[in-house]
Amino acid sequence: MNISKAGRALSGGAANAAEMELIRGYARGELDAQDVYTFSVVLCDNEVDRDFECFDEDTLEELAALFLGKTGISDHEWRSGNQVARIFRTEIVRAPARKTADGRDYVCLKAWAYMLRTDKTAALIADIEGGIKKEVSVGCSVSETVCSICGAHGGCTHVPGERYDGKLCFSVLHGASDAYEWSFVAVPAQRGAGVTKAMGNAENAEFAKLRKEAALGRMYLGEMRTEAKRLALICGRDLYDALAPAMDMMEAEKLMELKKALEKRVAEKLPLRSQFPAAEDQVPRFDGAAYRV
C-alpha cells in the first residue's frame, strides 16, 4: 500500500562535528561544515489524520531506519534534477504530555537533513530560514492496515471515521515495507502528519465515490460473514466454534470459498424435500373434483 504523509520542517543552521561525520558517510568528496546547510523535519507521527489513518509506533520505528539516506525533492516529482537534500539522521521522539485524538502518547519520526550551500540552493535555504518552506510530505509503503475497533487486518464492517460505543474507528498503518522519498510541498492536506492530496475537484469526487464503494464492499463482506457463520452453526456447534473466530479475519475470497463449502454441507445434511412425496412413477395429480359444486 503506497501512501503519502505530511510533516513539517523545523529549525536549520550549520552542522556540528558529529553531524559532519554522519554527512560525510553519504558524500563522495570531502565536505566541510561551511559547505552544507542542515535542518530538521518531522516526517510523520502516530496522530489520527483526516483520512482516519495513523502509523503505529512500531511502524514509525521501521520508517526511521528506512528513511536514512533518502533524498528530499519538491512536490514528489521523481527527477534527479529535483533532488535538493538528503536525510543523515533520524530519531523517534516521544511526548507523553501530548495525546493523540484517541488518547495515546504522541510519537513522531524526526529527521535531520543536509543540502549543499550553492547558488542553486540559496533561495531554498532562505525560504526555510524565513519559514516559507516548512511543510514536507513523505512517500512510503506499508504492508497492511488494521481496524482500530476489531483488530481485523483489512476487510471488516467498521467504517473509518464512524464511532462505535463512543470509540472512533480509524485504520492503523502497520508494517513499513519501503520508504521512497520526502518532499517539500506547498499545501499539505493535514495537521501535523497526514495524507497529502494533489487532487482537483473531479479527482476529489472520484475519491469520494471510491470511499462509498469501499463502504458498500465492507457491508457486503459483513453480510457474507454473518451468513457463513449461520451455515456453520447449522452444520454443528463444534464446527461453528472452530470456524467463527477465523471468519472474522478472512479476506473476501477465502470467506466466499468457505461459504460455498458450508452451503454444500448444509444441502447434504438438510436436503430439500417435495411437499408431495411419491414414487417416481406416481406423480400426484390434482383435478379439482373435490372443489366442484
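Which strands each supply at least two residues of the lining of the second largest pocket?

A: The strands are β5 and β6, each of which supplies at least two residues of that lining. The model is a predicted one.

The pocket itself comes first. The second largest pocket has a volume of about 260 Å³. Its lining is made of 14 residues, and the closest to the pocket centre are Q83, V84, A85, M115 and L116. Strand β6 gives the largest share of the lining, three residues. By type, eight of the lining residues are nonpolar, four are polar and two are charged.

Helix α1 spans residues 17-24, and its buried residues are E19, M20 and I23. Viewed down the helix axis, these buried residues fall within an arc of 100°, so they line one face of α1. An α-helix has 3.6 residues a turn, so residues three or four places apart point the same way. On the other side of α1, the exposed residues are A17, A18 and E21. At the start of this helix, a side-chain oxygen of N16 comes to within 3.2 Å of the backbone nitrogen of A18.

The buried residues of α3 (residues 122-129) are L124, I125 and I128. Around the axis they cover an arc of only 100°, which puts them on the same side of α3. The cover over them includes β6, together with β2 and β10 (171-184). After α3 comes G131, with a positive phi near 80°.

Two other residues have a positive phi and are not glycines. Most residues other than glycine have a negative phi. F52 has a positive phi of about 60° and lies in the loop between β2 and β3 (53-55). With a relative accessible area of 26%, F52 is partly exposed. D165 has a positive phi of about 55°, and its place is the loop between β8 (163-164) and β9 (167-168). D165 counts as exposed, at 84% relative accessibility.

The next residue is in helix α2. T59 is found in this helix, which covers residues 57-66. Its relative accessibility is 0%, so T59 counts as buried; the cut-off for buried is under 20%. The side chain of T59 reaches the backbone nitrogen of G175 at 3.0 Å. Apart from neighbours within four places in sequence, T59 is in contact with V142, L173, H174, G175 and A176.

The side chains of K229 and D248 are joined by a polar contact of 2.8 Å. These two residues are 19 apart in sequence, and their C-alpha atoms are 9.7 Å apart in space. Leaving out neighbours within four places in sequence, K229 is in contact with Y240, A244 and M247 as well as D248.

Helix α5 (residues 237-247) holds L243. The C-alpha atoms of L243 and A232 are separated by 7.6 Å, and the two residues are 11 apart along the chain. Setting aside neighbours within four places in sequence, L243 is in contact with L258 and L262.

Last comes the chain as a whole. Its secondary structure comes to six helices and 11 strands. The chain has 293 residues, of which 38% count as buried. Among contacts between residues at least 6 apart in sequence, 72% join residues at least 24 apart.

Technical notes:
Residues are numbered from 1 along each chain as its sequence is written. This is a predicted model: local features need pLDDT of at least 70, side-chain atom pairs count only at pLDDT 80 or more; totals for chains, interfaces and linings use all residues. Side-chain values use heavy atoms; hydrogens and water are left out. Buried means under 20% relative accessible area, exposed over 50%, partly exposed in between (1.4 Å probe, protein chains only). Helices (H or I, at least four residues) and strands (E, at least two) are DSSP runs, numbered from the N terminus. The arc is that of the directions from the helix axis to the C-beta atoms. A polar contact is a pair of N or O atoms within 3.5 Å; within protein, one must be able to donate a hydrogen and the other to accept it, and residues adjacent in sequence count only if both atoms are side-chain atoms. On a 1 Å grid over the protein atoms alone, a cavity is a set of points where a 1.4 Å probe fits but cannot get out, and a pocket is an open set with protein on both sides within 12 Å along at least five of seven lines; lining residues have an atom within 4 Å of a point. Grid points are joined across faces, edges and corners, and a volume is the space filled by probe spheres set on the points. Ala, Val, Leu, Ile, Met, Phe, Trp, Tyr, Cys and Pro count as nonpolar, Asp, Glu, Lys and Arg as charged, and the others, Gly among them, as polar. Contact means heavy atoms within 4.5 Å.
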